[in-house]
Amino acid sequence: CAPLCAAIDSPEEDGVDCWEFIRSLQEENLFIIKLDAENQWFRYHHLFQQLLRNQLERHYSRDEITALHSTASSWFADNGPIEMAIEHALAAGDETRAVQLIEQNRQKALNEDKWYLLEKWLSKFYDTIIDRHPSLLMTKAWVLYHQFEIPAIPPILDTCQSLMDETSADHPLRGEIDFFRGYIYYFINEGAHSLKHLRAARKNVPPDSEEVRGQVEILHGLATQMEGRKEEAVTFLNDLLTSRRGPQGVSRTRLLVTFVYIHIIAGDLDQAVEANRHLLEFSTRGGYEYARVWAVYLQGLIHFYRNNMEMAKDHFKQAVNHLYLMHTRAAADCMAGLTYACQTLQQPDEADAALEALREYSILKNDPACSLIVRSCETRLAIMRGDPVSTPGWGQGSHPPDENMVWWLEIPAVTHCRALVAEGSDKSLDKAETRLIEILELNRKNHNSLQMVDILSLLALASKKRGRVDEALEFLTQALDLAAHGSLVRPFVEPGPPMADLLNRLSDKNIHRDHIRLIMAAFQEGEEEIPTQSPVLSASPPFNMSPQFPFEALTNREFDVLDLLAQRLQNKEIAEKLFISPETVRAHLKRIYQKLNVKNRREAVDTAVNLGLITRP
């Protein structure tokens, strides 16, 4: 671009205008290619570029070329992109300057949710350089964090710690090391050790490191919940949010998302929906795209567990459209969720397409953990389709490794047990029950009610297959005890008719009859949406149709849409309120118009009011 040309070689001193020079190159068609719509940036054809570089090296000394690179690095440092400033600094042999550029810009990139820039910047350095500098090592740790490559982080921390011990006890990166130590302990199910390091991180992370502090608060809340102190965690987060100098920007999105995590893990989906609404509204209004995509993915999870598969599919698809903004593990989980939602909706071609997208993503990431998710997803999809299933190989062990299951929808350890139960032999059922008990105790220790519901449901199914019906009913009762509070439905529906039989037996004993009725409606009505009982929406109660009522009954979601229509909201506003896309709103409106025999929004509201289905605000 012209300003860069001017900075590098001061051609104006020779009476040359840089913009005129570029225009003349274009007019002469001298191998120049435009890079942007604004006609500001250009590059040479790569062969012509190589010719010019050869001429440069023939006619200029090494010192002169180094000076040009240094000047270019300074210009890019002020005007961006930073990776070009780093590249030219390294080309000038100025390693110190290149490292300083990372140190000066890494926190800004993290604070703006642009972790992917860190990966670009680091790609300019040889590993031998990275291993000599604590700031580069910590930058690498953040890239691995977002790629969910946890096992690769501890050696980096050890090297970084050793380098810092040689310089200063009060190194500014010590708070980040404390965070990562706490993070690792959390994901190996050691809540108390995690909290110890996270408390140290809260003291040591500088105030201007917004993203780091935000991640510390997330893990602090999750580790407190893991230790069985959910209310303490919620109070802690509330105090931070409502304090006079409460965090804003990226840090606020981190606190808001922690509420969602905690409520989902606790199986309290009503509160999770409310917390996620706040997250989505704040991140959308502030333009925090990374946090907004997380909110969409988490809403997909909530819909999935409530068996609202149309809504789950819609949200997972929205999140997948922003795949490379997402944390690697969340992205894989999202594609697995999309696969299962499509299959449940009897859309096998779309399910296959989603699974293929997951395979391609795994190949691109070249991550063993992601490959494990692919094999697990393939197995679970086969079970859902009733296809013959053989438990896949899981690497060195006979089963997938234990992990902190948090809110993940696809968990290889659980799917391994699904396959063993589906196989149904005495040997496979023995293995399934042993593993399920092990991971049940792990999740009981972690106070993870969400995952315990799935595990207990599978234990009930395994016991039924062994003919131990009373034991099966006991496991199922425990699952319902945890699920009824949050209206979880999917863990009981996915196993199919054998689970329906057990549920009917419990209903006959007047155990969780209301929640069982909710679950049985999903069996009976296919993909009819399950009532959410969510505090976010003020939907009217379902209308009980009498034999004289001339219209087809509306679903709960259609009542939600009608209520918002009566408030004169537009499609986009309705979509935001209901966490769905405008296209889904239009589909609901079409069905409402058909059922009420009306032609437009006004007639729909008038007819619904006249029939007593809704009231005007």
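I started with tryptophan 142, which counts as buried because its relative accessibility is 0%, under the 20% cut-off. A reminder to myself: this is a predicted model. Next I checked tyrosine 145, and that residue counts as buried too, at 6% relative accessibility. Both sit in helix α9 (residues 134–146), three residues apart, so about one helical turn separates tryptophan 142 from tyrosine 145.

I then searched the whole structure for aromatic pairs and got 25. Tryptophan 142 and tyrosine 145 make one of these pairs: the ring centres are 5.4 Å apart and the planes stand at 80°, so I logged it as edge-to-face.

**A pair across the chain**

Where in the chain do tryptophan 294 and tryptophan 407 lie? I found tryptophan 294 in helix α17 (residues 289–305), while tryptophan 407 is in the loop between α21 (368–385) and α22 (412–423). They are 113 residues apart, and the pair links distant parts of the chain. Their rings are edge-to-face, with 6.4 Å from centre to centre and 80° between the planes. Buried or exposed, I wondered about tryptophan 294? Tryptophan 294 counts as buried at 9% relative accessibility, and tryptophan 407 is buried as well, with a relative accessible area of 4%.

**Charges over rings**

I also looked for charged ends sitting over rings. Arginine 380 has its charged end over the ring of tyrosine 340, 4.5 Å from the ring centre. The charged end of arginine 252 sits over the ring of phenylalanine 282, and there the distance to the centre is 5.9 Å.

**The largest pocket**

On to pockets. The largest one holds about 1,700 Å³ of space. I got 38 lining residues, and the closest to the centre are Leu4, Cys5, Ile8, Tyr44 and Leu52. Elements giving two or more residues to the lining are α1 (2–9), α2 (18–27), β2 (42–44), α3 (46–59), α4 (62–79) and α5 (82–91). Which element gives the largest share of the lining? That was α3, with seven residues. Sorting the lining by class, I have 26 nonpolar, four polar and eight charged residues.

**Proline 617**

Last stop was proline 617, in the segment after α32 (601–610). Proline 617 is exposed, because its relative accessible area is 75%, over the 50% cut-off. I checked what proline 617 touches: leaving aside neighbours within four places in sequence, it is in contact with Ala566 and Gln567. I also noted leucine 564, which is 53 residues from proline 617 along the chain, with 9.5 Å between their C-alpha atoms.

Technical notes: Residues numbered from 1 in each chain as written. Predicted model: local features only at pLDDT ≥ 70, side-chain atom pairs only at ≥ 80, totals over all residues. Heavy atoms only, no water. 1 Å grid on protein atoms, 1.4 Å probe; cavity = no way out; pocket = protein on both sides within 12 Å on 5 of 7 lines; lining within 4 Å. Points joined across faces, edges and corners; volume = space filled by probe spheres on them. Helix = DSSP H or I, 4+ residues; strand = E, 2+ residues; numbered from the N terminus. Nonpolar A, V, L, I, M, F, W, Y, C, P; charged D, E, K, R; others polar. Buried < 20%, exposed > 50% of the residue type's maximum accessible area, 1.4 Å probe, protein only. Contact = heavy atoms within 4.5 Å. Phe/Tyr/Trp six-rings, centres within 6.5 Å; stacked < 30°, edge-to-face > 60°. Lys NZ or Arg CZ within 6 Å of the ring centre and 35° of its normal.
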